[in-house]
Amino acid sequence: MTDPTRTEENSVAHQGKHWIEHWEPENEEFWESTGKKIARRNLWFSVFAEHIGFSIWTLWSVIVLFMGKDYGFSPADKFLLVSTPTLIGGLMRLPYTFAVAKFGGRNWTVVSAVLLLIPTTLAAIVLHPGTSLGTFLIVAALGGVGGGNFASSMTNINTFYPEKHKGWALGLNAGGGNLGVAAIQLVGLLVIGTAGATAPRLVLYIYLPLIVIAAVCAYFYMDNLATVKGDTKAMREVVKDPHTWVMSFLYIGTFGSFIGYSFAFGLVLQNQFGRTPLQAAAVTFLGPLLGSLSRPTGGWLADRIGGGKVTFATFIGMALATVVLILASTSKSLVLFTIAFIVLFVLTGIGNGSTYKMIPAIFRAKAKVAIANGAGETAELLKARRLSGALIGLAGAIGAEGGLFINLAFRQSFADTKSGVPAFIGFLVFYGLCFAVTWAVYLRKPAVQPTSERGLALAGAEV
């Protein structure tokens, strides 16, 4: 297998096949003549591999719909089952972020894709009535490796693109990956609608060859950037920056909501409104689908009007949608509940795109200050890419754990009241905190002049 664009790109490859030593995306001439083609190719194959990773990560949101009375599991057991890969997936994002710098973006994409074969194959082996909950929890936990793919993919793609295109590129990369949630739920709907609720293994048999294809494509068509190879200090630097913890908190509200609701939506419909597996599956894919498609829109809007403004408006919208969910739950209106939940998904997608655009913008602003004070431009821009890549991985890891909290909140809420209302009230309070923090840190007029690091980093137009 060969790539026809390789001939034009040989001038930037000096450390062996698939390794690129010279990379200057902020250099307009370099970007237009060479960089854009390479970056786009890596982006598309990264999206595909990440897409499959998301599908395997959220596999158990589909599998639980197949688990009827023969399995003997309570609603609380099922919420615990979908919470487990959420927890592990978030934890895996930290080592996956380091892996890009250690092994190269292309190399790690291959490895991370191959790892998906393990939980998928094991699920096919144990998936039958009579298997213990503990066994299912172990296999579901292994599926958490799919959650790590997002961090390595986003960290990798962040290094390929110039600042002015990061919002679009990161939004497209993440949105295409997020679509893996809707895709596997659509596959589950197809299987339930055609083969019935007793054939969950068909879902796994569909994904096993797709995993292999993702690994093969990454092996032949992606590249490693030597400019980030061996960089293990960025994470230690970034954890000292207060913006790291602010952005991680905000990402709990956006991505944590997206992934948490993706796991829980079908179970909530079954337990609160008595939907059958087919009825639940016919609706659940819509939320993740529209939430994934709206993510690039969030990045695009952030590129044009500022990530802070978009994020602030998104959290207000999420709070309002949650109020509607509470009203729909208390009035037992399935139609209103479903519409509000899907709107909430769309808003999480927009917020995901805008918050990730804010991350490189913050470090770009810091780099501008350093350059204005006499620091070298090349070194400062490279540092900005390193630190933003590290924060993307860290925020992704912390944000994913928001999905765990959502599912545990639903589990307790249904165990205590047989309703999701107490959980939604908790989510409403949290979204209120998120839009308050966004305004206070990124939109409120800085107390210092924008010629300082803090002023630039906090300026709404920049971030």
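Helices in this report are DSSP runs of H or I with at least four residues, numbered from the N terminus (strands are E runs of at least two). The expected span of a helix is 1.5 Å times one less than its number of residues.

## What you're looking at

This is a predicted model, so local features need pLDDT of at least 70 and side-chain atom pairs count only at pLDDT 80 or more, while totals for chains, interfaces and linings use all residues. Residues are numbered from 1 along each chain as its sequence is written, and side-chain values use heavy atoms, with hydrogens and water left out.

## Helix α16

Let's start with α16, which runs through residues 334-372. With 39 residues at 1.5 Å each, α16 should span 57 Å, and its end C-alpha atoms do sit 57 Å apart, which agrees.

Much of α16 is tucked away: 29 of its 39 residues are buried. Here buried means under 20% relative accessible area, exposed means over 50%, and partly exposed is in between (1.4 Å probe, protein chains only). Just after α16 comes Gly374, with a positive phi of about 110°.

Ile118, Leu122, Ile125, Ile138 and Leu142 make up a nonpolar surface patch of about 440 Å². Patch members need over 30% relative accessible area and no salt bridge; nonpolar side chains (Val, Leu, Ile, Met, Phe, Trp, Tyr) are joined within 5 Å, and like charges within 9 Å. A salt bridge here is a side-chain nitrogen of Lys or Arg within 4 Å of a carboxyl oxygen of Asp or Glu. The areas come from the Shrake-Rupley method with a 1.4 Å probe, and for residues only the protein chains shown count as cover.

The elements giving two or more residues to this patch are α6 (117-126) and α7 (133-142). α6 gives the most, with 3 residues. Over in α7, Ile138 is exposed, at 56% relative accessible area.

Gly260 belongs to helix α12 (residues 242-273) and is buried, with a relative accessible area of 0%. Skipping residues up to four places away in sequence, Gly260 touches Gly403, Ile406 and Asn407; contact means heavy atoms within 4.5 Å. Gly260 and Ile211 are 49 residues apart in sequence, and their C-alpha atoms are 24 Å apart.

Trp108 sits in helix α5 (residues 105-115) and is also buried, at 13% relative accessible area. Neighbours within four places aside, Trp108 contacts Tyr96, Ala99, Phe103 and Ser152. Thr314 is 206 residues from Trp108 in sequence and 33 Å away, C-alpha to C-alpha.
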